[in-house]
Amino acid sequence: MSTPSERSGHESSEPDLSAVVGERRQLINLAYRLLGSLAEAEDAVQETYTRWYAMSRQQQEAIESPGAWLTTVAGRICLDLLGSARARRERYVGAWIPEPLPDRTEWISGRAGGSSAEPADPADRITLDESVNMAFLVVLESMTPAERVAFILHDVFRYPFAEVADIVGRTPAACRQLASSARRRIRAAHAPAVPAVSAAGQAALVRDFKEAWEAKDIKALVGLLDPDATMTADGGGMVGTVLRPVEGSEHIAQYLIHISDKAPGLTLLERTVNGRPGLVAQHSGVTVTVAAFSLTGDRITRIWAVRNPEKLRPWTENGEG
């Protein structure tokens, strides 16, 4: 995929090119959280830059803040994509899980020029690193497109509701209500705003889980899982996997042992998945599954196993497969 700096005719003639191109990472950050898909986020940002470069230089120079313009356009594109994505995901084979991200520092980078944000109760704020974890992204999927956009722009990226309104096409008061409704959804889903376990504790628990799985120790696996734990797999109809969530520690443990028996030689690697300790499963050196976890206390409560090859491309590009 070409970047805006690769387009001819602008490198020497546009005085603020570096500033415009410099917004790309921020836009990807935003679009991924809005869409839950890195591939779709990159497409949305590419379309945003296409619209920028379709304007004449005079039109570009008339824009007071190119960064704000790019954000507005990207937000509107994502809002449109969310509407069509809901229909596509209803036809999706099995469960749809947001695309897992490898450990890349840009996913937790801060917003440039965030000083214009409105004051707000810190309890209503979600930090960027928190907003990328899988449990949080799954809750976002339950929101309407307008709720999701208003909430992410305001509570995560600190945009004031006046700017959010321009993107969503609602009044600031309506956007405030959308964000409030989104917060209620998060509270209702009991999505933790902060990890319930320390980083070291999370890593240790995932490591114990990995070792129990490798040893095919069903008793140890059951002991590491909450009795009401749930495992959801996403194959997208492209690879074999369970189409419905597996519920209960016993059933999950039995299913994991079944996978090991069906795929001898499976290699498990400890990796950071969406900012949290996770596991990558490889078979014959190829990444076949990326698993994210939600932990409470000393037990695993949720497992999201992504097997759809199209969603594993960032891991292959990152040297994981």
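The model is predicted, so to speak of local features a pLDDT of at least 70 is needed, side-chain atom pairs count only at pLDDT 80 or more, and totals for chains, interfaces and linings use all residues. Residues are numbered from 1 along each chain as its sequence is written, and side-chain values use heavy atoms, with hydrogens and water left out.

**The chain as a whole**

- The chain has 13 helices and 6 strands; these are DSSP runs numbered from the N terminus, with helices being H or I of at least four residues and strands E of at least two.
- Of the 321 residues in the chain, 49% count as buried. Buried means under 20% relative accessible area, exposed means over 50%, and partly exposed lies in between, using a 1.4 Å probe and protein chains only.
- Among the chain's contacts with a separation of 6 or more, 66% come from residues 24 or more positions apart. A contact here means heavy atoms within 4.5 Å.

**Helix α7, a covered helix**

- Helix α7 runs over residues 145-156, and its 12 residues should span 16 Å at 1.5 Å a residue, which agrees with the 16 Å between its end C-alpha atoms. The expected span is 1.5 Å times one less than the number of residues.
- This helix is mostly covered, with 12 of its 12 residues buried.
- The buried residues of α7 include Pro145, Glu147, Phe151 and Val156.
- The cover over these buried residues includes α2 (24-35), α5 (66-90), α6 (134-140), α8 (161-168) and α9 (172-188).

**How α5 packs on α7**

- Helices α5 and α7 pack at an angle of about 140°, with their axes 9 Å apart. Axes are lines fitted to C-alpha atoms, for helices over the stretch in contact, and angles run from 0 to 180 degrees between N-to-C directions.
- That angle makes α5 oblique to α7. Angles under 35 degrees count as roughly parallel, over 145 as roughly antiparallel, 65 to 115 as roughly perpendicular, and the rest as oblique.
- The crossing of α5 and α7 is right-handed. A crossing is right-handed if the near helix is turned clockwise from the far one by less than a right angle, and left-handed if anticlockwise.
- On the α5 side the contact is made by Leu79, Leu82, Gly83 and Arg86, and on the α7 side by Pro145, Ala146, Arg148 and Val149.
- By class, the residues of this contact of α5 with α7 divide into 5 nonpolar, 1 polar and 2 charged. Ala, Val, Leu, Ile, Met, Phe, Trp, Tyr, Cys and Pro count as nonpolar, Asp, Glu, Lys and Arg as charged, and the others, Gly among them, as polar.

**How α2 packs on α5**

- The axes of α2 and α5 cross at roughly 25° and come within 9 Å.
- This makes α2 roughly parallel to α5.
- The crossing of α2 and α5 is right-handed.
- From α2, the contact draws on Leu27, Leu30, Ala31, Leu34 and Leu35, while α5 supplies Leu70, Thr71, Ala74, Cys78, Leu81, Leu82 and Arg89.
- The contact of α2 with α5 has 10 nonpolar, 1 polar and 1 charged residues.

**Leucine 81**

- Leucine 81 sits in helix α5 and counts as partly exposed, at 27% relative accessibility.
- Leucine 81 and leucine 34 are 47 residues apart in sequence, and their C-alpha atoms are 9.5 Å apart in space.
- Setting aside neighbours within four places in sequence, leucine 81 is in contact with Leu35, Glu40 and Ala44.

**Two loop residues with positive phi**

- Arginine 158 lies in the loop between α7 and α8, and its phi is near 70°, a positive value in a residue other than glycine.
- At 25% relative accessibility, arginine 158 counts as partly exposed.
- Asparagine 274 is found in the loop between β3 (267-273) and β4, and its phi is near 50°, again a positive value in a residue other than glycine.
- Asparagine 274 is buried, with a relative accessible area of 1%.

**Glycine 278**

- Glycine 278 has its place in strand β4 (residues 276-283) and counts as buried at 2% relative accessibility.
- Not counting residues up to four places away in sequence, glycine 278 touches Val206, Leu269, Glu270, Arg271, Val273, Ala291 and Phe293.
- The C-alpha atoms of glycine 278 and serine 294 are separated by 9.6 Å, and the two residues are 16 apart along the chain.
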